[in-house]
Amino acid sequence: MSGHVRSRTALCTALTLGLAAAGLTAEAHGQFGLTATPVAAETAHQQQTLRERADQLGFRMGTAVSEQHLNEQAYHDTAAAEFNSVTHENSLKWESIQPEQGEYSFDRADTVVEFAEANDQQIHGHTLVWHSQLPSWVEDGGFGPEELLDVMDDHISTTVGRYEGRIDTWDVANEIIDDDANWRNSVFHEQWGEDFVAEALHMAHAADPAASLFINDYNIEGINAKSDVYYDLAADLLDQGAPLDGIGLQSHLIAGQVPNDMRQNIERFTDLGLEVMLTELDVRVPTPADETDLQQQAEDYREVFEICLDVPGCSGVTVWGVTDAYSWVPGNFEGEGAALPIDEDYDPKPAYWAIHEALGENGNNDPIDRPTQEPTASP
Ligand code: XIL
């Protein structure tokens with residue numbers, strides 16, 4: 001396997017600097033022209049980061065970031081070099097932002113926003129209305145419908161309003177359908193039925209009319225009972241005129257189990273006129289992972305990226321973490337892990353190179369024309 005992600009980046013920088021130095025010297029001496037350029041440039045080109053390749057394609061290449069790791073140099077530099085988009089892993093969730101009613105604390109979320117801005121990255125806001133990581137004052141507050149609507153409005157307008165013009169896209173509602181494809185039981189659903197989703201979308205839209213608004217869930221990557229519910233819900237929301245712009249397919253996958261109808265599923269949502277993003281991709285394998293597992297994982301990453309790159313309206317993929325060292329998988333799926341493209345030592349895994357190739361289309365580094373989405377009418 002090739003070298004360390006960071007040293008590769010450092011190597012790339014060194015090559016670029018070397019090239020600049022060669023150009024300057026040649027110019028200063030007025031003799032060599034830039035004869036050193038092609039070789040150096042080509043070498044530097046092969047050392048592109050995922051971010052550089054994604055930038056050329058106009059593709060969103062994201063990662064989840066936890067502010068507590070940002071003072072670790074390798075974490076910080078990898079997050080900045082390899083990704084053009086970030087999602088707060090936890091610090092924008094309700095329990096982090098408003099742990100007690102009316103007591104907002106934005107410090108941790110600000111850290112991630114400021115990191116993204118310093119590195120010229122897009123931000124995906126995760127998440128506004130979710131049954132999980134929801135403080136008990138909301139869940140057990142005994143609010144009636146109108147009170148709960150006020151609580152939602154305060155939280156959404158304060159949070160989205162704070163980052164108006166700075167957070168590009170929002171998961172407005174997360175995981176609202178359960179594993180049996182029924183509406184998930186939550187305080188929001190209890191008081192409002194499914195209408196809380198449209199209400200939340202309108203509140204977010206009012207707070208930042210330019211932000212793109214998403215609904216987001218897991219196990220909706222392929223065509224199944226749960227994604228069918230989302231399809232009908234999305235069509236219904238659009239028919240009602242709710243400001244819904246996209247759907248996020250979380251994509252917490254198991255190696256060897258990329259749904260074979262993932263492309264068709266994405267296409268049916270883009271056919272509704274929605275943007276699709278893969279918002280939390282990881283591909284878990286049994287641990288300790290062996291070479292066969294990591295090869296299978298690489299093929300899965302390749303397939304998923306190729307599908308999204310190929311479908312007009314599928315605008316990006318976010319991987320759920322910078323490094324295996326801090327991935328949520330081992331803590332949540334017993335005996336599984338090693339789910340990200342970059343390992344715990346910040347070394348690239350086969351999956352990293354598979355993504356690298358997928359972003360380069362046939363190993364060709366030239367920019368490609370990404371098909372843009374034709375506007376379509378809702379059904
Ligand atoms: C996870 C985080 O990665 C963990 O650190 C946290 O303990 C629990 O939440 N779906 C989501 C994400 O929408 O917010 C979850 O993130 C992973 C599953």
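A disulfide is taken here as a pair of cysteine sulfur atoms within 2.5 Å. By that criterion the structure, a predicted model, holds 1 disulfide. Local features required a pLDDT of at least 70 and side-chain atom pairs a pLDDT of 80 or more, whereas totals for chains, interfaces and linings use all residues. Residues are numbered from 1 along each chain as its sequence is written, and side-chain values rest on heavy atoms, with hydrogens and water left out.

The disulfide joins C308 to C314, with 2.1 Å between the sulfur atoms. The torsion about this S-S bond is about -100°, so the disulfide is left-handed. Both C308 and C314 are buried (under 20% relative accessible area; exposed is over 50% and partly exposed in between, with a 1.4 Å probe and protein chains only).

Helices (H or I, at least four residues) and strands (E, at least two) are DSSP runs, numbered from the N terminus. Helix α10 covers residues 195–207, and its 13 residues should span 18 Å at 1.5 Å a residue, which agrees with the 19 Å between its end C-alpha atoms; the expected span is 1.5 Å times one less than the number of residues. Its buried residues are F196, V197, A198, A200, L201, M203, A204 and A207. These pack against strands β3 (122–130), β4 (169–174) and β5 (212–217), and against helices α8 (145–162), α9 (187–192) and α11 (225–240), where contact means heavy atoms within 4.5 Å.

Helix α11 also contains D236, which is partly exposed at a relative accessible area of 34%. D236 and A198 lie 38 residues apart in sequence and 9.9 Å apart in space, C-alpha to C-alpha.
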